[in-house]
Amino acid sequence: MAHRCNRQFSFPLRSVAALSILLTLVAGCGGDDDSDDPERRATVQFKAEVNGQDFTCGKTYSNVGVGQPGTYQVTDWRFYVHDVALVKADGSRQTVALDQNGVWQYQNVAMLDLRKDCGSGAIPTNAVVTGTVANTNYSGICFKVGIPYSLNHINDATAPAPLNSSGMLWNWRAGRKFIRVDGIGDPTNLKQSFVIHLGSTECPGTDASAPPSAACGYPNIAEICLDNFNVDQDRIVMDVGKALEASNVVVNTANTAPGCMSGNSDPECIAIMPRLNLDFTYVAGAGATPEKYGKTIPQRLFSVRKP
């Protein structure tokens with residue numbers, strides 16, 4: 001960090017030359033925000049939208065997905081990110097050292113809670129990731145959606161915030177929901193629950209109340225990289241309408257989870273998982289031939305919004 005200048009000048013200002021010397025010395029002192037500071041603050045701002053419209057809990061949105069009537073209402077919106085890094089013009093990355101604030105950030109993980117105006121009474125929300133980063137010029141950002149394996153399967157009863165967030169845990173073996181977007185298709189008539197719950201699957205073990213015995217078969221960690229991003233001015237928009245653009249939000253296969261909860265046997269996940277920037281393997285049942293679906297390129301779930 002730059003040091004404050006605290007020089008004492010004892011010579012009398014008896015000439016123009018002496019005054020000139022004094023002004024030169026003072027100009028060299030600098031302040032706390034000098035450009036030669038090795039680190040700078042970084043605040044990454046997120047914003048929720050549905051088909052380009054600002055998200056408000058309980059609002060009904062039109063033209064969501066395919067099919068009729070295409071109306072959809074979102075009632076919950078939370079997700080985790082980790083390994084946030086700013087990207088220089090040469091493609092190299094500088095990791096953002098997250099503030100350890102005891103609420104929304106722990107180690108390299110942050111939780112975004114975008115539930116504005118959800119539920120009865122005020123709900124604490126968070127739409128920023130904050131920390132420090134090397135003081136240089138950046139032109140992009142990368143982050144991973146989810147929680148690293150080492151933190152995803154720790155005991156919920158003793159986990160620090162935000163890993164202990166209510167409603168974001170499946171079970172000890174499966175770990176946490178990386179994305180939780182709850183919604184209702186055709187909220188006026190059919191009232192079809194249709195959600196997106198992203199998390200790891202195929203986590204081996206016999207006890208759901210214990211950590212997995214080995215790494216999960218499908219970690220489902222999505223990496224997002226965005227160009228032309230100015231961390232001081234721009235926001236990152238997450239648009240759930242992009243994830244649902246090929247889904248019929250009033251149709252759900254019988255005997256499966258409502259919407260997509262990342263299950264490899266859930267046909268509703270075929271249209272959704274690739275739009276979360278993930279490859280997806282669908283297996284219809286025991287003995288069925290696996291069907292592979294590649295991630296949608298380019299990903300459009302996250303985008304940069306200029307001021």
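C142, at 5% relative accessibility, counts as buried.

This is a predicted model, in which local features need pLDDT of at least 70 and side-chain atom pairs count only at pLDDT 80 or more, while totals for chains, interfaces and linings use all residues. Residues are numbered from 1 along each chain as its sequence is written, and side-chain values use heavy atoms, with hydrogens and water left out.

## The C142 and C225 disulfide

C142 and C225 form a disulfide (a pair of cysteine sulfur atoms within 2.5 Å), with their sulfur atoms 2.1 Å apart. Because C142 lies in strand β10 (residues 140–145) and C225 in strand β16 (residues 222–227), the pair ties together parts that are 83 residues apart in sequence; strands here are DSSP runs (E, at least two residues), numbered from the N terminus. The torsion about the S-S bond of C142 and C225 is about 115°, so this disulfide is right-handed.

## The other disulfides

The structure holds 3 disulfides. In the pair formed by C203 and C216, the sulfur atoms are 2.0 Å apart; both C203 and C216 sit in the loop between β15 (195–198) and β16, 13 residues apart. The torsion about their S-S bond is about 105°, so the disulfide of C203 and C216 is right-handed, and both cysteines are buried.

C260 is joined to C269 by a disulfide with an S to S distance of 2.1 Å, and this link, with 105° about the S-S bond, is right-handed. C260 is buried, with a relative accessible area of 1%, and C269, at 0% relative accessibility, also counts as buried.

Definitions and conventions
Helices (H or I, at least four residues) and strands (E, at least two) are DSSP runs, numbered from the N terminus. Buried means under 20% relative accessible area, exposed over 50%, partly exposed in between (1.4 Å probe, protein chains only).
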